Amino acid sequence: MSKITTELLLERAVPRSTRLRKIETLNLSKLQLKTGDLDPRLFSRLRHLQKLDLSDNLLDKFPNSLTLPDLRVLNCSNNKLEDVTALKQFPLLEELTYENNVYLTLNDDYKVMFLLQNLRLLNGKDITKLANHVRRVNSRKLTSKVTAHWEKFFRDQLPEKYTAEQVKSVKKKFLKSVQTNVVYGPSSLSEFTRWRVKMIAEEFLAQSLGLELSTDTEPEEKMDENEEETTESPREAAEDVGQVVTPSKRKRNNSKAGSGNKRSKSQANTEEEAEDVSAEPLHFLQCHSKGNSREDFKTQLWSCVFEPLLDCGARKDPIVSSSRTVATCGGESVCLIDCETGTVLKKYKVATEEFFSVAWTTLTMVIGDGQKKSHNILAAAGRRGIVKLIHVAADFCYGEIKAHKKPIATVCFGPTQETHLFTASYDKRIALWDIGIPDCDYNFKASQLLVLEVLSIPLRIALVPTCPDQYLLAGCESGCFAWNIKLDKEQKSRPFEAIFQFPDEDGAMTTSHRVDGLAFLNDDVIVSKSSKPGCIYVWSWSRSFDAKGKGCQRTVSAVILAELEWSATDMSYLTLSTCPAKEYVFCGDEKGSVWMYNLSNYTTAWNSAKGKRSDKRIPPAQILKWPELRANGEQLTEILINNVVSDPTFSYLVVLTSVNITAIWKKS
């Protein structure tokens, strides 16, 4: 039953009233109201209501049909609102307050300025001048850009006599393209700009082609609130980023076996070259600087992971097929970056920390009224041995886990249990945690489920794709190990089950070597990098582990399928990654180059029962050379590539360096 009754409305009227239609001022604050309590049928009787106070409640949105035709002043501070577009139903609104709604950002301010033409005061500030700019100048500029985009790229796609299907197809392509390519204003307002661009584009098509306007106003989640351990707003983060300027004469990215540049058709038909993946540099960002110093070219960047797409909800970007938001870490900060625009969406800092690793999970959280919603959670850890848990949509670090007394080298979430987090530490232990699911007040309970004993410091960990709840691999300072992690066993602390042997520089098999790169290429094929110079091994998990047979700790020889040709350096901790969907391997080197291997022509043979080892080392399909970057007039040198990661569809390649530069390449 709703908390709001006729009697309550009459009682909370200011002054008290005897009839609903006479109420002009109404105070409904501090009643623990939820969205479902706002009954449109009851509110429709408040025909002369001018002032409404809904502050200090639990509202996550407004119903679309409250029918308050004379409402002038609205206070909905201290709620849980996620979207403001429903406020357009109050066209006479002059004063609006919605402070302390953690999901609302600067983009929402601009939305209400556009939607509410009479709005004068927003959160106590006079926005008359800015609102006029948003409604007139901003709209005029965007309309011009949208029209120009149609004229240049889409007008000729429709014949003189077109069918409904042709129009539908062109409309879909146009809306996707225009939201991607029309840019205006500061990057911190990119979400508002996309929202307006879509609206303008639909209006343009309706006028030009007689199409119906879309009424879809699905809210998008945003990021822009202060955070207890120093979280910068997008505007502040953008100001802190030193976008490294490259000269016009930039070294081209050359392939090992030939030019990596785009080739003409005649060249392509007459020359036999290594595959050209046509990756071009897009952005070079200096966004992890200590104290935001533009002179910082020493902070090491270590880890980056692309944000997973949500099945539904705001952070799923409708204009791209794969997430283009990546989390990066190094020094005292964790950054969220839009790879397409190079915008630093958010920057989270802990002054006493040095972050080494980040990992994403998606938790299904109860948000009120018993409703459940999926949200992405970012875990970040490093030198202090503490895991920070960040609710990205709310832009809030809601908790921490004191996981180890020594630094954490790497973290990863289990793919089948959304709350299961592995932490690998310099204390020579790998721990499995259940981080729990926070309630609506961000209370949560974390518990340790398992501890894996390691003979040396674990550097990289990977769960076996075919049985991620049963086996974990780790590349360590003194070898490569496997553990049984099944939780149906009583044993909470476990030794390793297998240690793998690999050839040393003389060809003899050894277990004693540093493994600083480890990743699965597919369900069975593992790629690992050891201290043997110039070599990356490709080997089979099943054939290697099955040879162990039954028993406890056993030394087994890795069944090697191939070796990848790599730099001859003996430099450690230049790790590798894989893109399973495209069957690619990436690894940086000590000269700032990125080695890319396309193994799609080999995996079929490797996966067969009698797959033989490739006789020759497999060369890279292409090597991306580091361009000639200059900072303060001086060329950057001695650049190590600590990590290289692609998004799941290999649209973007994020390169982390030893000189505080995040490089983003785009596959064209």
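A crossing of two helices is called left-handed if the near helix is turned anticlockwise from the far one by less than a right angle, and right-handed if clockwise. By this rule the crossing of α5 and α6 is right-handed, and the helices themselves, like the strands further on, are DSSP runs numbered from the N terminus (H or I over at least four residues for helices, E over at least two for strands).

The structure is a predicted model, in which local features need pLDDT of at least 70 and side-chain atom pairs count only at pLDDT 80 or more, while totals for chains, interfaces and linings use all residues. Residues are numbered from 1 along each chain as its sequence is written, and side-chain values use heavy atoms, with hydrogens and water left out.

**Confidence**

The predictor's confidence in each residue, pLDDT, runs from 0 to 100; its mean over the chain is 84, and 85% of the residues reach 70 or more. Residues 233-239 stay under 50, and the model has 15 contacts for them beyond four places in sequence, a contact being heavy atoms within 4.5 Å. The pLDDT is also below 50 over residues 312-321, a stretch with 23 contacts in the model beyond near neighbours in sequence. Where pLDDT is low, the predicted coordinates should not be read in detail.

**Helix contacts**

| Helix pair | Axes come within | Crossing angle |
|---|---|---|
| α3 (residues 106-115) and α6 (residues 190-209) | 8 Å | roughly 35° |
| α5 (residues 164-181) and α6 | 9 Å | roughly 150° |
| α4 (residues 128-153) and α5 | 10 Å | roughly 130° |

Angles under 35 degrees count as roughly parallel, over 145 as roughly antiparallel, 65 to 115 as roughly perpendicular and the rest as oblique. The crossing at roughly 150° therefore makes α5 roughly antiparallel to α6. Residues of α5 in this contact include V167, F174 and V178, and those of α6 include R194, V197 and L205. By class, the contact of α5 with α6 has nine nonpolar, one polar and four charged residues, where Ala, Val, Leu, Ile, Met, Phe, Trp, Tyr, Cys and Pro count as nonpolar, Asp, Glu, Lys and Arg as charged, and the others, Gly among them, as polar.

Helix α4 crosses α5 at roughly 130°, which means that α4 is oblique to α5, and this crossing is right-handed. V146, H149 and W150 in α4 meet V170, F174, S177, V178 and N181 in α5, a set that divides into five nonpolar, three polar and no charged residues.

The crossing of α3 and α6 is right-handed as well. Here N107, Y110, K111, F114 and L115 of α3 make the contact with S190, E191, F192, W195, R196 and M199 of α6, and the classes are six nonpolar, two polar and three charged residues.

**Sheets**

Two strands pair if DSSP finds at least two bridges between them. Five strands form an open sheet with mixed pairing, in the order β18-β19-β20-β21-β25; β18 (408-413) and β25 (493-494) stand at the edges with a single partner strand each, so one side of each is left without a neighbour in the sheet.

Within this sheet, β18 and β19 pair in the antiparallel sense over five bridges, and F413 has L421 in β19 as its bridge partner.

Another open sheet has four strands in the order β33-β34-β35-β36, with antiparallel pairing. Its edges are β33 (576-579) and β36 (622-624), each with a single partner strand, so one side of each lacks a neighbour in the sheet. On average, neighbouring strands of this sheet are turned by 20° against each other, direction ignored. Five bridges pair β34 (residues 584-588) with β35 (residues 594-598) in the antiparallel sense, and G588 stands opposite V594 in β35.

**Backbone details**

The peptide bond from V14 to P15 is cis, with omega near -5°, and P15 is found in the loop between α1 (6-12) and β1 (25-27). In the loop between β16 (386-391) and β17 (396-402) lies D395, a residue other than glycine with a positive phi, near 55°.

Key:
Axes fitted to C-alpha atoms, helices over the stretch in contact; angles between N-to-C directions.
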